[in-house]
Structure formats: C-alpha cells, structure tokens
Amino acid sequence: MEEKNTTMGTTETMEDYKEALEASYRRIRPGDIVTGTVIDVNDQDVTIDFNYYAPGRIPVTELSDDPTYHVLENVAVGDTLTATVVKTDDGAGNMLLSCKDAAEELAWDKLQEAQKTKKVYHVKVAGAVNGGCVAYVEGVRGFIPASKLALEYVEEPADYLNKELDVQVISVDEGAKRVVLSAKELLLAKVMEEKNKKINKYTVGTVMEGTVEQLKDYGAFVNIGDGITGLVHISQISDRRLKHPSQVLKEGDKVKVKIIKIENNKISLSIREAAELTSREVEEEGPAEYEDNGAAATGLGALLKEFKLN
C-alpha cells in the first residue's frame, strides 16, 4: 500500500524512500568491500557516504602505504573511494574502513590487466634499494630495476629518489606480492618516435655528405646529421670488390652518400651510387668548368679517384 504525505502540498510515496529502505535492510559485515562518495576530508580521516544508515570513516593511515601520499592533496569532496569494512562501529557511530585493504585485494587484478594493456602509470620514486628503486602503483609497492630506470643502466639508483617517471608493469606475481615496473620501454618508444619523425624528412635518391662513424665487416655506418645514422653495405662502398671497408675508409672520413632505401625506420646508403652520380655530372658539365672552380674541383677530383680506385 502506498503511503501519502500531503504536508506542504507535496505527495510522497514508498518509491521516494527506496534507497533508504534498501540501506536499512543491507547487512554489512567486516571484510565487505564498499564504494562511496567522499563527504568530508581533513588531515586525520576521510568520511564517505555509501548509502548506508551510517557513514564510513577512513583514517589517513588506512588510505595508502605510499609514503609520498598526502590526504589533502590526493582526496577531495566528491571523489569516489572503495574500501574494506574493518569494523561496523568505530565507537562513534561510523563504519571503520580501510582503503589499503581494499586496494590490496583489488589491485592485483588491476595490475595484471595493466600488464596486458601496457597501461602507463605516472609515479614518484619513493625509495632507493639495492639494485633499483621503489614506486607505488595501485597502492602496491613496485620495484624498478636499475636497468629499467633509464635507457642505460643506472649505477646510482639513489639519484632517482623523488623523481617522477612514467612506468609500465612488466611483471606481476600475486603469490609473492611482487610487482616489477619499467620506465625504459616508454623511453625507447619516445626515442623511436623522434627518430621516425626525423627519418620521414628524408627521401630516397637524396645525396648528402656524412661522416663515417663505425666500420664493420659488412659495411660502414655513416652519420648523415640530426642524430641519424645509415648503413652503407660493403657492396655499396666501391665498384671494386672489398674484403673489408677499412681498405678504403676510416672512421671520421667525410663521404658523399646517396639514400637508396628507407625501410622499417632504417636508412640504407650508397657511396658508390653517389660517386657515380657525381661522375655523370662532371661528364655533362665538362671538365674545364670544374677545373675553373679551383679547390672545389681538386677536392672532387680526389673523391672521384678514391671511388674509382684506379
């Protein structure tokens, strides 16, 4: 039967009390996980409303294990929090709750999902230990190995204390309560993104000057500027068959190269084709005109001799 109240010209029905009625029938016990809205925050505790006859109180010590966590900076009225019921009555008519307990119970599923989806967490390094650093994700202590803090191995992890990093979860072991994080993969991705932007500016067929950086049995790596290095395969160094690039090149040499392929963010170069192109230009323009150019002609002549290997 509906109950009606016409006081002050309003009509109320049982539907208006639905939430209150449901709350009165709810049985909440220690260990249950509840979610509610923050209605008060201070430096001692947080109060949440989760549609129950009594509000929930969360002491600041039960919010997080993260030593960098500060309640007034991390929680605001209107936020939604999930917590575990510790006691149904704290002695003052409130439910005593713990976000830490709930976080630990729920965190492992979140961390396993984060590993699959490669979710990025922005963290602050909370501590330095033997072999790496410590940071917290989903309220759980995570370890960042020294080899995963930066692009290169970090000899002094303590230098990263209080630094902010973007990290990903690379290993989760719920049984051992261990989480391993890494910043390296994200840094590598950023470097590759920047490299790709630079490489995309180049086009096949372009001839430019570069510097020989390194010689290998299979060819020479040539820096063409802006931090980009391309490979000149040994077959693209000279018309003559070479046993090793060092027969005609040494590190630090300035050489003309032609871009012959751009694939998978790698640039293939040719010294031989650049020399052939220059040789054709000399033939088309005529030797006299190049001789008139003085030093420039002398340098070009030397280059041609080097690559013809007479």
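The entries go from the whole chain to single residues.

**Entry: the whole chain.** I noted that this is a predicted model. I started with the length and the buried share. The chain has 310 residues, and buried residues make up 34% of them. Next I looked up the secondary structure, which comes to seven helices and 16 strands. I then turned to contacts with a separation of 6 or more. Residues 24 or more positions apart account for 56% of these. Last came the surface. The chain exposes about 18800 Å², and carbon and sulfur atoms supply 47% of that area.

**Entry: the barrel.** I traced a closed barrel of five strands in the order β1-β2-β3-β5-β4. Its pairing is mixed. On average, neighbouring strands of this sheet are turned by 55 degrees against each other, with direction ignored. I picked one pair to follow. β3 and β5 (residues 95–98) run parallel and are joined by two bridges. Here Gly-56 stands opposite Met-95 in β5.

**Entry: the helix across the strands.** Which strands does helix α3 lie across? I found β1 (33–41), β3, β4 (80–87) and β5. Helix α3 spans residues 99–117 and runs at about 110 degrees to β4.

**Entry: a loop serine.** I moved on to the loop between β3 (56–59) and α2 (71–74), where Ser-64 lies. Is Ser-64 buried or exposed? Its relative accessible area is 19%, so Ser-64 counts as buried, the cut-off being under 20%. I then looked up the residues that Ser-64 touches. Leaving out residues up to four places away in sequence, they are Tyr-69 and Lys-100.

**Entry: a hairpin.** I went to strand β8 (residues 132–137) and strand β9 (residues 140–145). They pair in the antiparallel sense over six bridges. Within this pair, Cys-133 stands opposite Ile-144 in β9. The hairpin has two residues between the strands. Glu-138 takes a positive phi there, near 55 degrees.

**Entry: the rings.** How many aromatic pairs are there? I noted a count of three. One of them is formed by Phe-50 and Tyr-52, and it is stacked. The ring centres lie 5.8 Å apart, with 10 degrees between the planes. Tyr-52 also forms a pair with Tyr-53. That pair is tilted, at 4.5 Å centre to centre and 45 degrees between the planes.

Phe-50 is buried, with a relative accessible area of 3%. Tyr-52 is buried too, at 12% relative accessibility. Tyr-53 counts as exposed because its relative accessibility is 62%, and the cut-off for exposed is over 50%.

**Entry: a charge over a ring.** My last stop was Lys-163. Where does its charged end sit? I found it over the ring of Tyr-160, 4.5 Å from the ring centre.

Notes
Residues numbered from 1 in each chain as written. Predicted model: local features only at pLDDT ≥ 70, side-chain atom pairs only at ≥ 80, totals over all residues. Heavy atoms only, no water. Pairing = 2+ DSSP bridges. Helix = DSSP H or I, 4+ residues; strand = E, 2+ residues; numbered from the N terminus. Buried < 20%, exposed > 50% of the residue type's maximum accessible area, 1.4 Å probe, protein only. Contact = heavy atoms within 4.5 Å. Axes fitted to C-alpha atoms, helices over the stretch in contact; angles between N-to-C directions. Phe/Tyr/Trp six-rings, centres within 6.5 Å; stacked < 30°, edge-to-face > 60°. Lys NZ or Arg CZ within 6 Å of the ring centre and 35° of its normal. Areas by Shrake-Rupley, 256 points an atom, 1.4 Å probe, with all protein chains shown as cover.
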